[in-house]
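Keep the 3D view open as you read.

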Amino acid sequence: MYTQGLDALGDESLHLPEEQLAELEARFQAKIDADEKIEPKDWMPAAYRMTLIRQISQHAHSEIVGMLPEGNWISRAPSLKRKCVLIAKVQDEGGHGAYLYSAAETLGISREQMVEQLLTGKAKYSSIFNYPTPSWADIGAIGWLVDGAAIMNQIPLCRCSYGPYARAMVRICKEESFHQRQGFEIMMRLCEGSTDQQRMAQEALDRWWWPSLMMFGPDDANSKHTGQSMRWKIKRFTNDELRQKFVDVTVPQAEFLGLNIPDDALVWNEETEHYHFGPIDWDEFQRVLAGHGPCNQERIRARIEAHESGAWVREAALANAAKQSKNL
């Protein structure tokens, strides 16, 4: 869903004889092909390490930035129960970011470096979080559609060839499943409500449907990394395969809710047993990814302000750690 370097061992590999390097690469690929996990101290190609750093760190950034669209609804949620559930969900997302930063650190990059890359715009995060949430129904749509798309993408990552990433994803996917159910339940309650509430639900679906399809990344013909990631078993399915699976699962859910998918070209294909859907506006995807979406500047500004206001916490933690080390 969120795929958009540093190589501690790669520098050593550059100085190896060509035959020895080829042998190491062959052993590495054989291990991948046998579905064995690659662990942090194992030899790995520089490009494999760099690919994982990019993917895992950007996944972590997406979890952290993803707290923002929902966080501003905590105080405005329509009941105490809704506030408590939303707080728990936002806390989960912060935890997911922490797990993923830790997984990326095993590849030789520091958390400070990753955060700096996010705040300076060097690293990307999922384009979906650059859209606004003007109504409470948007919180339902995010849980139902955005977290639903995330689950579709992330469950195969539990079998990723890199051990720390795969193990982190097991817990993340369990928690994401609750998020998806929470979002669907919000949408169901709205669809069972007044005419105004039903209209809110439909408008939220209209806003989030196409950005949710973009979450899976560019179509396969234009995806730079899919082919190699598949060979390394970082990914198990292509972007288009996952997107199709999401559409096939989600359309019947919308029909159950009594909502209309905002796609005039959407039709069930009896021959393929899949839904055919209309063209995605990839120009919009690239525009948002490049930093020109409705909320790009707002999201980064919020993260910068949070980072700066939390400086005293990091300083205190470092000072305490230094004090404790002296007492050992």
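pLDDT is the predictor's confidence in each residue, on a scale from 0 to 100. You are looking at a predicted model, and its chain has a mean pLDDT of 93. Of its residues, 96% reach 70 or more.

The start of the chain deserves a separate look. Over residues 1-10 the pLDDT stays under 50, although the model has 40 contacts for this stretch beyond four places in sequence. Where pLDDT is low, the predicted coordinates should not be read in detail.

## Salt bridges, buried and exposed

Side chains of opposite charge can pair when their charged atoms come close. Searching the whole structure turns up 17 salt bridges. One of them links Glu23 to Arg27, with 2.5 Å between the closest N and O atoms. Both residues sit in helix α2 (residues 18-33), and because they are 4 residues apart, about one helical turn separates them. Glu23 is partly exposed at 41% relative accessibility, while Arg27 is exposed at 55%.

Glu70 belongs to helix α4 (residues 67-71) and Lys89 to helix α5 (residues 80-105), so the pair ties together parts that are 19 residues apart in sequence.

A further salt bridge joins Glu105 and Arg111, whose closest N and O atoms are 3.2 Å apart. Glu105 is partly exposed, with a relative accessible area of 31%, and Arg111 is also partly exposed, at 29%. Elsewhere, shared partners connect salt bridges into one network made up of Arg82, Glu185, Arg189 and Glu192.

## The second largest pocket

Arg111 comes up again at the second largest pocket, as one of the residues nearest its centre.

Which elements give two or more residues to the lining of the second largest pocket? They are α5, α6 (111-119) and α13 (296-309). The most comes from α6, which gives 6 residues. By residue type, the lining divides into 7 nonpolar, 4 polar and 5 charged.

## Around helix α5

Gln91 is exposed, with a relative accessible area of 56%. Along the chain Gln91 and Met67 are 24 residues apart, yet their C-alpha atoms are separated by 8.2 Å.

Gln182 is found in helix α8 (residues 163-191) and is buried, with a relative accessible area of 11%. Leaving aside residues up to four places away in sequence, Gln182 touches Val85, Leu86 and Lys89.

## A residue of helix α13

Helix α13, one of the elements that contribute to the pocket lining, includes Ile304. Ile304 is partly exposed, with a relative accessible area of 29%. From Ile304 to Phe216 the distance is 27 Å, C-alpha to C-alpha, with the two residues 88 apart in sequence.

## Two loop residues with positive phi

Lys233 is not a glycine, but its phi is positive at about 60°. Its place is the loop between α10 (226-231) and α11 (239-257), where Lys233 is buried with a relative accessible area of 17%.

Glu273 likewise has a positive phi, near 60°, in a residue other than glycine. It is found in the loop between β1 (267-269) and β2 (274-276). Is Glu273 buried or exposed? At 57% relative accessibility, Glu273 counts as exposed, whereas Lys233 is buried.

Terms used. Residues numbered from 1 in each chain as written. Predicted model: local features only at pLDDT ≥ 70, side-chain atom pairs only at ≥ 80, totals over all residues. Heavy atoms only, no water. Salt bridge = Lys/Arg side-chain N within 4 Å of Asp/Glu carboxyl O. Buried < 20%, exposed > 50% of the residue type's maximum accessible area, 1.4 Å probe, protein only. Contact = heavy atoms within 4.5 Å. 1 Å grid on protein atoms, 1.4 Å probe; cavity = no way out; pocket = protein on both sides within 12 Å on 5 of 7 lines; lining within 4 Å. Nonpolar A, V, L, I, M, F, W, Y, C, P; charged D, E, K, R; others polar.
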